[in-house]
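I opened this notebook to keep track of what I looked up, entry by entry.

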Amino acid sequence: MVTVAVSCPRCGGSVRAPDLMHPESRCPDCGPVAPLHVPEHIGAEIVASVVEHIQAAAQPQQPSVPLWCPWPLPPGWTTTGVAWAGDDRLGVRATAVACAGPAPLGGGPADLVFVAEEPGVGLGTRYAGVPGPDAGPELAEALTDPGPGHPGHVGRAGIRVAGHPTPLWLVNSLPDRSAYAGEARGMWLYAIAWPASAGHLLAEDVLLHDLVEWTPPELVYGAPSPYLHGKA
């Protein structure tokens, strides 16, 4: 049996299940939310169960929320967690995949979390450490602010999502991490790296693959991500 922790996607707090007075799941502080479900462990069977749930919850004639994972994984990296946000009423509205490995500039381990979500869920901004349910205001600032010391400069990560070049822009985040935001398949796409210098990994040739479409049997798994389990 898979043990799953359920929490608020926006703050990490407890979530109350729907009842006779409230038809939606809700957080005492954030109000109605799509509850975040994080399996306690990670492995091929866990990923398969999450993929099966995402597929079963998909609405007719609507694309399912992708489960973006770097593939191939960077050398020395492992997959360290998967999660999804939603419930029986909402379906799946957001997903997250965590990975860990050696930091690109040395100095120890690094962690990456990739989030795909529909507007308003708030999972990506929580991990990024920015206010609000999505990164719209932060992204608008990143696109218009030329940045210090370089006229016209925009911090941007160029990755490939399902084979397509997909820009992600650097947004303001907490100092212990770097966070990028953009769009893929009509949904928000976030990439958050710990420590902040690990964001340099996104300047390399990172390819994101949707595990819902196909899960590589060669995927390597590591210790569960602390960031999916409440550290962020």
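Predicted model: local features only at pLDDT ≥ 70, side-chain atom pairs only at ≥ 80, totals over all residues.

Entry: I first looked up strand E9, which runs antiparallel to strand E10 (residues 164–171) and is joined to E10 by 6 bridges.

Entry: Residues are numbered from 1 along each chain as its sequence is written, and side-chain values use heavy atoms, with hydrogens and water left out.

**Entry: confidence.** The average pLDDT of the protein chain (the predictor's confidence in each residue, from 0 to 100) is 89, and 94% of the residues score at least 70. I marked residues 148–154, where pLDDT stays under 50 and where the model has 9 contacts beyond four places in sequence, a contact meaning heavy atoms within 4.5 Å.

**Entry: back to E9.** Strand E9 spans residues 156–161, with Ala157, Ile159 and Val161 on a covered face and Arg156, Gly158 and Arg160 on an uncovered one. On the E10 side, I found Arg160 opposite Pro165. E9 also pairs with strand E13 (residues 207–210), in the parallel sense and over 2 bridges, and there Val161 stands opposite Leu208.

**Entry: the turn.** Between E9 and E10, which form a hairpin, there are 2 residues. Ala162 lies in this loop, and its phi is near 50°, a positive value in a residue other than glycine.

**Entry: another positive phi.** Arg185, in the loop between strand E11 (178–184) and strand E12, has a phi near 55°, and this residue too is not glycine.

**Entry: cis peptide bonds.** I found a cis peptide bond between Trp71 and Pro72, with omega about 5°, and Pro72 sits in the loop between strand E5 (68–70) and E6. A cis peptide bond also joins Trp194 and Pro195, with omega about -10°, and Pro195 is in the loop between strand E12 (187–194) and E13.

**Entry: the cavity.** How many cavities of 30 Å³ or more are there? The count is 1, where a cavity is a set of points, on a 1 Å grid over the protein atoms alone, at which a 1.4 Å probe fits but cannot get out, and lining residues have an atom within 4 Å of a point. The largest cavity holds about 30 Å³ of space, the volume being the space filled by probe spheres set on the points, which are joined across faces, edges and corners. Its lining includes Val38, His41, Val82 and Leu228. Strand E6 (78–87) is one of the elements that supply at least two residues of this lining, and E6 gives the most, with 3 residues.

Note on methods
1 Å grid on protein atoms, 1.4 Å probe; cavity = no way out; pocket = protein on both sides within 12 Å on 5 of 7 lines; lining within 4 Å. Helix = DSSP H or I, 4+ residues; strand = E, 2+ residues; numbered from the N terminus. Buried < 20%, exposed > 50% of the residue type's maximum accessible area, 1.4 Å probe, protein only. Pairing = 2+ DSSP bridges.
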